[in-house]
Amino acid sequence: MKLVPAGATLEELQKKAAACEEKAKCEPEPEATKLKQEALLYREWISALSSGTWHS
């Protein structure tokens, strides 16, 4: 089993969320909405990991 530092995981998720949000600004619908939803999902994962409510 390989453990991944939470800080590295959170940073990666934040970068992915930001990238989706930036790309959504330039994309037409419905692709922009899909990107915004993906960013929201990343933000929810960040919140769950930060609060300790996420379990594998």
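User: How many residues does H1 have, and what is its reach from first C-alpha to last?

Analyst: This is a predicted model. In it, H1 has 21 residues and reaches 31 Å from its first C-alpha to its last, close to the 30 Å expected at 1.5 Å a residue.

User: Which residues in H1 are buried?

Analyst: Leu10, Leu13, Ala17, Cys20 and Ala24 are buried in H1. These residues are on the same side of H1, because they cover an arc of only 90 degrees around the axis.

User: And which exposed residues are on the face turned away from the buried side?

Analyst: That face of H1 carries the exposed residues Lys15, Lys25 and Cys26.

User: What covers the buried residues of H1?

Analyst: The cover includes H2. In turn, what covers the buried residues of H2 includes H1.

User: What about H2, what span should its residues give?

Analyst: The 21 residues of H2 should span 30 Å at 1.5 Å a residue, and its end C-alpha atoms are 30 Å apart, so the two agree. Buried in H2 are Ala32, Leu35, Ala39, Tyr42, Ile46 and Ala48.

User: What follows H2?

Analyst: Glycine 52 follows H2, and its phi is positive, near 85 degrees.

User: Which residues make up the largest nonpolar core?

Analyst: The largest nonpolar core has ten residues: Leu10, Leu13, Ala17, Cys20, Ala24, Ala32, Leu35, Ala39, Tyr42 and Ile46. Helix H1 (6-26) and H2 are the elements that give two or more residues to this core.

User: Take alanine 24. What does it touch, not counting residues up to four places away in sequence?

Analyst: Alanine 24 touches Ala32, Leu35 and Lys36 on that basis.

User: Switching to aromatics. How many pairs does a search of the whole structure find?

Analyst: The search finds one aromatic pair. Tyrosine 42 and tryptophan 45 form that pair, with 5.6 Å centre to centre and 75 degrees between the planes, which is edge-to-face.

User: Where do tyrosine 42 and tryptophan 45 lie?

Analyst: Both lie in helix H2 (residues 31-51), three residues apart, about one turn of the helix.

User: Is tyrosine 42 buried or exposed? And tryptophan 45?

Analyst: Tyrosine 42 counts as buried because its relative accessibility is 12%. Tryptophan 45 is at 40% relative accessibility, so it counts as partly exposed.

User: Now charges. How many salt bridges are there?

Analyst: The count comes to four salt bridges. One of them is between glutamate 11 and lysine 15, with the closest N and O atoms 3.3 Å apart. Glutamate 11 and lysine 15 both lie in helix H1, four residues apart, about one turn of the helix.

User: How exposed is lysine 15?

Analyst: Lysine 15 is exposed, at a relative accessible area of 54%.

User: What does lysine 16 pair with?

Analyst: Lysine 16 forms a salt bridge with glutamate 12, and the closest N and O atoms are 3.3 Å apart. Lysine 16 and glutamate 12 are four residues apart in helix H1, so about one helical turn separates them.

User: Which salt bridge links distant parts of the chain?

Analyst: Glutamate 21 and arginine 43 meet through their side chains in a salt bridge (2.9 Å, N to O). Glutamate 21 is in helix H1 and arginine 43 in helix H2, 22 residues apart. Glutamate 21 is partly exposed, with a relative accessible area of 33%. Arginine 43 is partly exposed, with a relative accessible area of 33%.

Conventions. Residues numbered from 1 in each chain as written. Predicted model: local features only at pLDDT ≥ 70, side-chain atom pairs only at ≥ 80, totals over all residues. Heavy atoms only, no water. Phe/Tyr/Trp six-rings, centres within 6.5 Å; stacked < 30°, edge-to-face > 60°. Buried < 20%, exposed > 50% of the residue type's maximum accessible area, 1.4 Å probe, protein only. Core = buried A, V, L, I, M, F, W, Y, C linked by side-chain atoms within 4.5 Å. Contact = heavy atoms within 4.5 Å. Expected span 1.5 Å × (residues − 1). Arc of directions from axis to C-beta.
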